[in-house]
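Subject: Structure for you to look at

Hi,

Here is the structure I promised. Please open it and keep it beside you while you read.

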Amino acid sequence: MPHLLLCLFLSVVFFACSDSGSSSQIETPENLPQESYPGMVKVLASGLETVLGTNDENVPPRERPEMKVAFSYDFFMDEHEVTQQEFFSIMGWMPNVPEKGDSLPVVGVTYFDAVLFANAKSKSENLDTSYTYSQARFDSSGSCVGLDGLVFNASVQAYRLPTEAEWVYAASSSWNPDNGWNGTNSNHKLHPVCTKEKNRFALCDLEGNAMEWVNDWSGYFRDTTLVNYAGASDGGDLGERVVKGGYYSTLPENMSLFSRGDVYTVLAANKYNYVGFRLVLGNIPNAVWTNANGSVVMSKINQLSSLSVLKKLTGTFNMKLVFRNDLSGHLNYVDYNNANFTVTEIADSMDVYHPTISPDGKYVAFCTKYESVSGTSDLYVRPLDETGKAVKLDVRSAAIPRWRVIDGDTVIVYVTDAGNNENENAWKASSTWKVSFRNGSFGVPQKIFDGAFNGGVNSEGTFAVSGSKLLRSRKIDSGKTLDSVWYGGNQACNVSLSMDGSNRTLFLDFAGSTGVEFVGEKYRTHERLLIADLSGNLIQTVKSPEGFTFDHTEWVGDRNLVIATLTNNNGNHQRIALINPVDSSIVPLISGDELWHPDFWIKPMSTAEMESKLDLDSAGVYYVENGSDAAAVLRAKMEIFWRYKDSINTVVLGSSRPSTCVDPMYFSDDIFAINMSTVPNITGVSKYLLKNYLFNHSPNLKNIVISLDIDLWYRSERFVEDYFFREEYKNYPGFVYDANHDFWKDGYPKGLLESTESCVYNSYEQKRHSFHRGVQNENVNLGWEGDNPGVDVDSNFFDFRHEDYVMNFNNIIEIIEMAANRGINVVGVVFPQSPGYKNTGAFGRYGLRRSDSEKILKELQDLENIYDNYKFMDENKMGGHDYPDSMAVNRDHLRAIAAPVMTARVDSVLHSF
C-alpha cells in the first residue's frame, strides 16, 4: 500500500494533449532518431504482432479473451529494469526500500514516479516529453502520489513506459519463467539486474526479479486485432493500472505473459517493495485506444483537472458533467464524486444535443436538434447511467430543454423550434412550453409563451431570453408584457439565463460594435463571454484563453459559474472548462476532439451540511483521488458505519475474506449487522476501528465477528506498507480530523454522515459495499484453482517474521478483552481456502507451514477456555471443508453465493452464547 502525504495544490494551467486515432492496416514505420542508445535494445516489431490476454476461462475477466495487437513501428527498450543507481542519478532521491544496491532494480516507486523519471530522462537528452500534467503531488519521502491532468502523448518521440502490448511482444521472445529470479531460487529478495540469461531480444529480467509498471490502464480486451494499440483510454470504475512479469517471490507456474495484476488492486499511487519499471523510447504512430470496456474509441478524452481544485471552486465533490461527443453523436458523462472520474459514453441510437442534468442529478434531458437549426426535434429523458432507457416526450417537436423547479415541481422548459429568431413573425410562430417530470414519466405539457425562448425562463415565469441570431427578452410586470431586442441588434448566440435569482443573461457574440465598445478593444468572434443584467445592460466580460474561443456556454445551476467548450484556432471544440466570472479564472476539465454542449451539475448542500459547524474540507473525507485500495474500502465502510451506528448490534471485521460471504442480510431478525472488513488484513486495523469508532458510537453493539487469517499474520504494524493506521491514514483528512477531535467521544457531530456521503469515493467500492451494509457482491468464479494452488509468500515466515505473528495474535487477545469489559461477544472465524493446499506444505495462499498452522489454530481455539465471551469457528478445517468449487471466487475467497451458508453458520454460533 502506498505511503502518501497530503500536499498543497498548485495553480491550474493548460497543457497540450495528445491526438488519437485508429488504423485498420499496418502503416509505414516512422524512423527512430538513431540506431542505438546506451543501455537500450532496438525491438523490431514493425509488420509483426503479439497476443494480449488468454482464452482460459479460469483467469480473471480483465485477462481474457485473447486480443491480437499488430505493430507498424519499432521501438527501443531498456535492456533491464531501471536500477537504483540510474534512478538516483536522474531523480536525486531514493525510495525507502529494505534492499539497497546500485545494480538492484529500483522498487517501491509509484506509477507517477516512473512517469516523472521518463520525463526527466527525456529532458536530459533534449527530447520532448511523452507526459504532460498540470501539477504534481508528493509524499514526505519524495515519492509522487498524483499527477493532476496527466496526459500521455503517444505521438511524441520520447522516453516513456512501455505499453502492455510492447512489453508482451518483447517478453514473448523465449519466455521462460524458470530462467528468472522467482520464488524457487531468489531467497525472496531482489538480485542485481542481468544476472540471469537474456532473451532473444537481448533483454533481461522480464521474468521475475521485480514486477514492472507498464503504461496501460487495466481495461478489458475484445476478440479482435488492433493496430498500434496504446491501451485503454481510462481506468473505468476501478482506475487500476497494469503490472507485468512477476517478481522474486512469484512461483514460475504462477508467472504468465497474460497476467496483468497483483494480489490486490494496483492503483497508480501504490508502492510495493517488488514493483519497478523499465522504459522504452519511441512514439506510437496513429495510436489506437479502447475504453475501459474494450470498445475502440474514436477520440481519447483526457482529464485535465484534479478533484481538489474542483472542490475548492465548487465546495463539494458531488459534481457531474454531461456533453455531446460530436464524433459519435453520443451522450458522455463524468461523475466527479467518483475519484477516478472517467468519461462514460452512452451509445443511444438517437442523436444527442443540448444535454442537461436534472436538479437531483439523476436524469439527463436532451433533444435531437441544436440551436439555430429549424425543424422537428424530439426530446428525451434518461437516467444518467448506462442501464436505464430513454423516455420520449410525446409531442410534435421539442428542443433545447432546461430543467426548472417551479413551486416545488420539477419541470422541463423547451421550445418547439430551435431555429434562429431573426425573423420576428417566424419566431413568434414557435412557442415555449413546460412539462413536469417525476418518477420517470412526463406530465401534460403546458404552453408558457408564444415565441421560442431558447435561452431560458425564470422560475416565476416573469422573464425569458432568446438567442441566435438576436438577443431577445420578455419581461412581465404587473400583467404587462414587454418584448425587447437587446445588444443593439448585434448578432448573439449561446444565450443562457441564470437561475440564482439575479436574472443575468450570459451569451456570446460576433465581435459586434456594442461588445467592442464595452470591452474597449477589438476581439475575435466568441473570444469574449458577455453578461447582461435584467435590463440588457452589459455588466461583465471574460476573455477566452490564448489560442481558444468560447462556444456552448451555459450557467451552472444556481451557482455563479459557467460551463463552456473551448475551440482552438482550427475550429476543434477541444476542451470543456469551468469559468468563474468573479475572477475570470478558467479551469479546464477535459480535452478531446469535438466536445459539444456541456452541462455541469453541482449538488446543493443538505440542511445538515449547511447547519454543520464541521470543516467540510476535512470531515468525512476518508478517501482522495489516487488513494489506495485500503482507503477506498474504508471510505465505503465508514459511510456505512456513520449511517447505521445507532442500530448496529453486530459488526464483521477482518480481511477481504469475510467481505464476500458474511452478508448482514442473512442474519436472524434479532441481529443488525454491518460488514466492516478491509484489505489487507492487519488485526491492528480491526482493533483501531473498534477502539475509536464502534466502542464509542455504537451503544447497542453485542457481537464482533472477526476473521482469523493466520497466513496473513506476517504483515505487521511496524511497516508503513502493511498497516494503514500507522502512516497512510494521514493522507485522508477525515481520519486525521476524527483523531484530532478525539474521535468525537463527547458526542457525534451533526452533519458528519452527510459530509461523508458527499465526499469522493472509488465507484468500484461504492458499488460493492455501500448499498448492502458492507458486503462485497463478488460473482467471479475461478473455483479453488486446482489441486496445487499457488503460494504467494515464503511458507517459513513463522520463523523469520515470528514477532509479527505474535503482534497479530496479541491484537486478537486485546480485542477479546476489550469486548469482555463491555459485555460484547467475539467469534473468531478461520475462513476456507482451497482444499488443494492439503497437497502442499502450506496452510494457504500466503504460506505458513501446515505444521505451524496446526499449533496456531490450537492456541486460538484454546482461548475459549480463558474467555467466556469468545468462540472459535474453523470453517477451513485444514482444507477439509465442505465449500465446493462453485462457491469460490479464487483460491482463498468465497463468492456471494456462499453467503447464505456461511452467514447462517456464524449466526448459529452467535446464538450459542
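First, the ground rules. This is a predicted model, so local features need pLDDT of at least 70 and side-chain atom pairs count only at pLDDT 80 or more, while totals for chains, interfaces and linings use all residues. Residues are numbered from 1 along each chain as its sequence is written, and side-chain values use heavy atoms, with hydrogens and water left out.

**Helix pairs**

Two packed helices are described by the angle between their axes and the distance between the axes. Helices (H or I, at least four residues) and strands (E, at least two) are DSSP runs, numbered from the N terminus. Axes are lines fitted to C-alpha atoms, for helices over the stretch in contact, and angles run from 0 to 180 degrees between N-to-C directions.

Start with helix α1 (residues 84-91) and helix α2 (residues 111-124). They pack at an angle of about 65 degrees, and their axes are 10 Å apart. That makes α1 roughly perpendicular to α2 (under 35 degrees is roughly parallel, over 145 roughly antiparallel, 65 to 115 roughly perpendicular, the rest oblique). The crossing of α1 past α2 is left-handed (the near helix is turned anticlockwise from the far one by less than a right angle; clockwise would be right-handed). On the α1 side, the contact (heavy atoms within 4.5 Å) uses Glu86, Phe87, Ile90 and Met91. On the α2 side are Asp113, Leu116, Phe117, Ala120, Lys121 and Ser124. By class, this contact of α1 with α2 has six nonpolar, one polar and three charged residues (Ala, Val, Leu, Ile, Met, Phe, Trp, Tyr, Cys and Pro count as nonpolar, Asp, Glu, Lys and Arg as charged, and the others, Gly among them, as polar).

Now take helix α10 (residues 683-697) and helix α15 (residues 802-821). Their axes come within 8 Å and cross at roughly 20 degrees. α10 and α15 are therefore roughly parallel to each other. α10 also passes α15 in a left-handed crossing. Residues of α10 in the contact include Leu690 and Phe695; those of α15 include Ile812 and Met818. The contact of α10 with α15 divides into six nonpolar, five polar and three charged residues.

**Cavities**

On a 1 Å grid over the protein atoms alone, a cavity is a set of points where a 1.4 Å probe fits but cannot get out; a pocket is an open set with protein on both sides within 12 Å along at least five of seven lines; lining residues have an atom within 4 Å of a point. Grid points are joined across faces, edges and corners, and a volume is the space filled by probe spheres set on the points.

There are six cavities of 30 Å³ or more.

**A pocket**

The second largest pocket has a volume of about 1,000 Å³. It is lined by 45 residues, and Thr356, Arg402, Glu554, Trp555 and Asp599 lie nearest its centre. β42 gives the most to this lining, with seven residues.

Best wishes
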